[in-house]
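Please take a look at the structure below.

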Amino acid sequence: MIKRLVLVASVCLTALIISSCGGGGGTSSGTVSVSGSWSGSWTSSTGDNGALTATFTSTGSTFSGPVTIYNSYCFGSEFATGTVSGSSVTIGVSSNAIIFVGTVSSSNISGLYEVYSGACSGDSGTFSLSK
């Protein structure tokens, strides 16, 4: 339990650090909305891969909605919650059993994921979603 808490805290800290980075000058870009339907793929460090779909509804910097992780023996149709700060996004799926951390633009989300509990605990990899 402590190991999971430390890992979740590390992911959150990483997201915070990423969100604090950025270029100077100009006006603030604000937070990008993730509302809408997304589709893409995930690739595990083990070589496994599959499709990934999500439909999010946003309220301010938080969002939630159904996520489907295809070709995974650990996950399938799940529920996700997340936060956006600037162009940084953190998505917790299945009560944070898997956490996706990445960057978002108006039509793309990409980054890294890590599995923290269940049969796939310890797995990690990359993901990419497009509107």
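## Basis

This is a predicted model, in which local features need pLDDT of at least 70, side-chain atom pairs count only at pLDDT 80 or more, and totals for chains, interfaces and linings use all residues. Residues are numbered from 1 along each chain as its sequence is written, and side-chain values use heavy atoms, with hydrogens and water left out.

## Serine 44

Serine 44 sits in strand β1, which covers residues 36–44. Strands are DSSP runs of E with at least two residues, numbered from the N terminus. Serine 44 counts as buried because its relative accessibility is 6%. Buried means under 20% relative accessible area, with a 1.4 Å probe and protein chains only.

Two polar contacts of the serine 44 side chain follow. One, of 2.9 Å, reaches the side chain of threonine 46. Another, of 2.5 Å, goes to the side chain of aspartate 123. A polar contact is a pair of N or O atoms within 3.5 Å; within protein, one must be able to donate a hydrogen and the other to accept it, and residues adjacent in sequence count only if both atoms are side-chain atoms.

Leaving aside residues up to four places away in sequence, serine 44 touches Tyr113, Asp123, Ser124 and Gly125. Contact here means heavy atoms within 4.5 Å.

Strand β6 spans residues 98–104. Of its 7 residues, 6 are buried, so β6 is largely enclosed by the rest of the structure.

Strand β5 (residues 88–93) pairs with β6 in the antiparallel sense, over 6 bridges. Two strands pair if DSSP finds at least two bridges between them. Threonine 90 has valine 101 in β6 as its bridge partner. The hairpin of β5 and β6 has 4 residues between the strands, and serine 94 takes a positive phi near 55° there.

Strand β7 (residues 108–115) runs antiparallel to β6, and 7 bridges join them. These strands form a hairpin with 3 residues between them. Threonine 103 stands opposite serine 110 in β7. Glycine 102 has glycine 111 as its bridge partner in β7.

β7 also pairs with strand β8 (residues 124–130), antiparallel and over 7 bridges. Here isoleucine 109 has leucine 129 in β8 as its bridge partner.

Methods
Buried means under 20% relative accessible area, exposed over 50%, partly exposed in between (1.4 Å probe, protein chains only).
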